[in-house]
Amino acid sequence: MSTPLLSIEDLHVSFRVGKQMIHPVRGISLTLERGETLALVGESGCGKTTLARTILGLQAPSAGRIQFLGNEIAGLDRHALKPYRRHIQCVFQDPFSSLNPRKRVEQLIREPLDIHKIGDPAERLRRAHAMMERVGLPPDWGRRFPHEFSGGQRQRIGIARALVMQPDLLICDEPVSALDVSIQAQIINLLWELKRDMGLSYLFISHDLMLVETFADRVAMMYKGEIVETGPARAVWSNPQHDFTRRMIDAIPVPDVTRPTPAAFRIDR
Amino acid sequence: MIPHPPSAAPVLEVDDLQIGVRKRPAMQILRSVSFKIHAGETLAIVGESGCGKSMTSLAIMGLLPDAVERRGGSVRFKGAELPITDNRAMRKVRAAQIGMVFQEPMAALDPLYPVGKQVLEVIEEHEDIPRAKAWARVIDLLARVDLPNPEVLAWSYPHKLSGGQLQRVVIAMALACNPEVLIADEPTTALDVTVQAQIMRLLKRLQRDTGVAIVLITHNLGLVAHTADRVMVMYAGYKAEEGQTRDLFLAPRHPYTQGLLDATPNPDRLAAGGGVLREIPGTVPSISDPMPGCRFAPRCPRAQEVCRASVPGPVFEGSHGYACFNPVPAARG
């Protein structure tokens, strides 16, 4: 078997909030193969964002291993992590607060190339414009500022900025939950096309099991800091094994009037 | 479905409501919105950001921001016109006749006061009753929204409660004076899916017990499918389509409704060969865009010449109405 792209083993994260010690990630193990889309699904406060931050090196783990293509990256300092970070990029939920409002869009998109000193300035700008075109933004809008774009367009900017480095792994943390359903579909379809064309792998973090069912290969259900169930996306939906997964699915209103109303919504009990 | 005879008078009636930005004649937020709701009924108002659903609810509550004005139309409560632009007069209407639940319960509550005091305040604002009697009603209300240990919980500050518990407190406040209409503006959007189900079940149970009419404003079509009796779909300040929930889901006539349904993820109906969602191209037009025709035309797969030239008026087939020159054929696959 080949080395997985990302492999996490018995990862723990704990930190102090005020006087309290909290332990948001409690012994998580998972692997992501090259070309795979793994969705990490859980409710608010289950530790899914902390896990993403730890993989990105923004949060130190208290125990456990994170291997990227077989190299240990858990707990590396900024300097030691830098050669790996170009291969792992991320897209956040709120595209506005993650974009510096005082920089022009083309500057924002080429910034990762500047940081990693890839190519000369003309080459970086050319790649930024090519990436804008790839995500469906006219390259001649590059001189504009983030506030001149709609929510969906800003998320396209965030995606262009993440993909300009040609990473292997894209971590998406609730990338569409702030968007309207028609725009959500546009962004999900864009991510799907980019994955197909660029050979990407996704770790897609979401609270929306119904959404990830439409494009994820595998789903990992996270509950109170642990992965309670993992499996092919279709199997998790149609044959949930863990009580938490069943409770969540029982509470999801599927947009279909021919389907029985979920028990959790009925008052005739 | 709804226990009201067809002839019964609606409890709330919005007629050709038009709202625009003050001193900006070209900026029209609501172009024409009309609907009725009867006692015991749940009407869902559906649409994407900028379609005017929240502005509609603010107008009904008499809470329009200073920057906007009514340009026409009326809101009637049991046949009598509401003075929606008179804030003082509307204070009597709010909570007593029409209650409201907002998306962010934390924003609807004052962090400096125990939650019970805030429910008490609503009662004392509207009714002249002894403090002890009002407090007993607060405890009763907190129990009715299924909060545990209401006598103790009434003295808790908002930050001590979970999001779901806070939303129950807000529902208790909204129902404190037995309103006949409840406007719930994205009441579960900030909540986890299991908590969402609990809150919706609570609202439906309170509705069964009191006969309150619920206007549910949401973008979540799944929620609509399982909780609403009727649906009104809004787009860019006008009513695109309305009808019984079942009719609208099984045979949508407006291409925007169809587009919304197709863009909504549904694991039971995956596109063969891979999960790509059907998207609606483009974005909602700006409120100041002076386009002459249908405001959905630039994004519409069925748009024709006439759609870009004039605004479609509503067409009704029984209770099912839509504003479209070239509707989706009635018989669907």
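Figure 1. Helix 5 of chain A lies across strand 6 and strand 7 (169-173) of chain A and runs at about 175° to strand 6 of chain A. Helices (H or I, at least four residues) and strands (E, at least two) are DSSP runs numbered from the N terminus; contact requires C-beta atoms, placed from the backbone, within 7 Å. Axes are lines fitted to C-alpha atoms, for helices over the stretch in contact, with angles from 0 to 180 degrees between N-to-C directions. The open sheet has six strands in the order 6-7-8-3-9-10 (chain A), with mixed pairing. Its edge strands, each pairing on one side only, are strand 6 (88-91) and strand 10 (226-232) of chain A. From one strand to the next, the twist averages 20°. This is a predicted model, in which local features need pLDDT of at least 70 and side-chain atom pairs count only at pLDDT 80 or more, while totals for chains, interfaces and linings use all residues. Residues are numbered from 1 along each chain as its sequence is written, and chains are lettered from A and ligands numbered from 1 in the order in which they are written.

**Figure 2. Pairing of strand 3 and strand 9 in chain A.** Strand 3 (residues 37-41) and strand 9 (residues 218-223) of chain A run parallel and are joined by four bridges; two strands pair if DSSP finds at least two bridges between them. A:V41 is placed opposite A:M221 of strand 9. A:V41 is also touched by A:V212, whose other contacts, not counting residues up to four places away in sequence, are A:A39, A:F204, A:S206, A:V219 and A:A233.

Figure 3. The 18 residues of helix 6 (residues 181-198) of chain A should span 26 Å at 1.5 Å a residue, and the end C-alpha atoms are 25 Å apart, which agrees; the expected span is 1.5 Å times one less than the number of residues. Buried residues (20 or more other C-beta atoms within 10 Å; exposed, 12 or fewer; partly exposed, in between; C-beta atoms placed from the backbone) of this helix include A:V181, A:I183, A:I187 and A:L191. The buried residues of helix 6 of chain A pack against helix 5 (151-163) of chain A together with helix 11 (255-263) of chain B. After helix 6 of chain A comes A:G199, with a positive phi near 65°. In the interface, 33 residues of chain A are in contact with 40 residues of chain B. Helix 6 of chain A gives the largest share of the side of chain A that touches chain B, seven residues. By class, that side has 19 nonpolar residues (Ala, Val, Leu, Ile, Met, Phe, Trp, Tyr, Cys and Pro), five charged (Asp, Glu, Lys and Arg) and nine polar (the others, Gly among them).

**Figure 4. Surroundings of B:P265.** B:P265 lies in the loop between helix 11 and helix 12 (305-309) of chain B. B:P265 counts as buried because 24 C-beta neighbours lie inside 10 Å. Leaving aside residues up to four places away in sequence, B:P265 touches A:M210, A:L211, A:E213, A:T214 and B:L277.

Figure 5. B:K78, in the loop between strand 4 (68-77) and strand 5 of chain B, has a positive phi near 45° although it is not a glycine. With 13 C-beta neighbours inside 10 Å, B:K78 counts as partly exposed. B:I84 is located in the loop between strand 5 (80-81) and helix 2 (87-93) of chain B and counts as buried, with 23 C-beta neighbours inside 10 Å. Beyond four places in sequence, the contacts of B:I84 are B:A59, B:I60, B:G62, B:R70, B:V75 and B:M90. B:A95, another residue other than glycine, has a positive phi of about 70°.

Definitions and conventions:
Contact = placed C-beta atoms within 7 Å.
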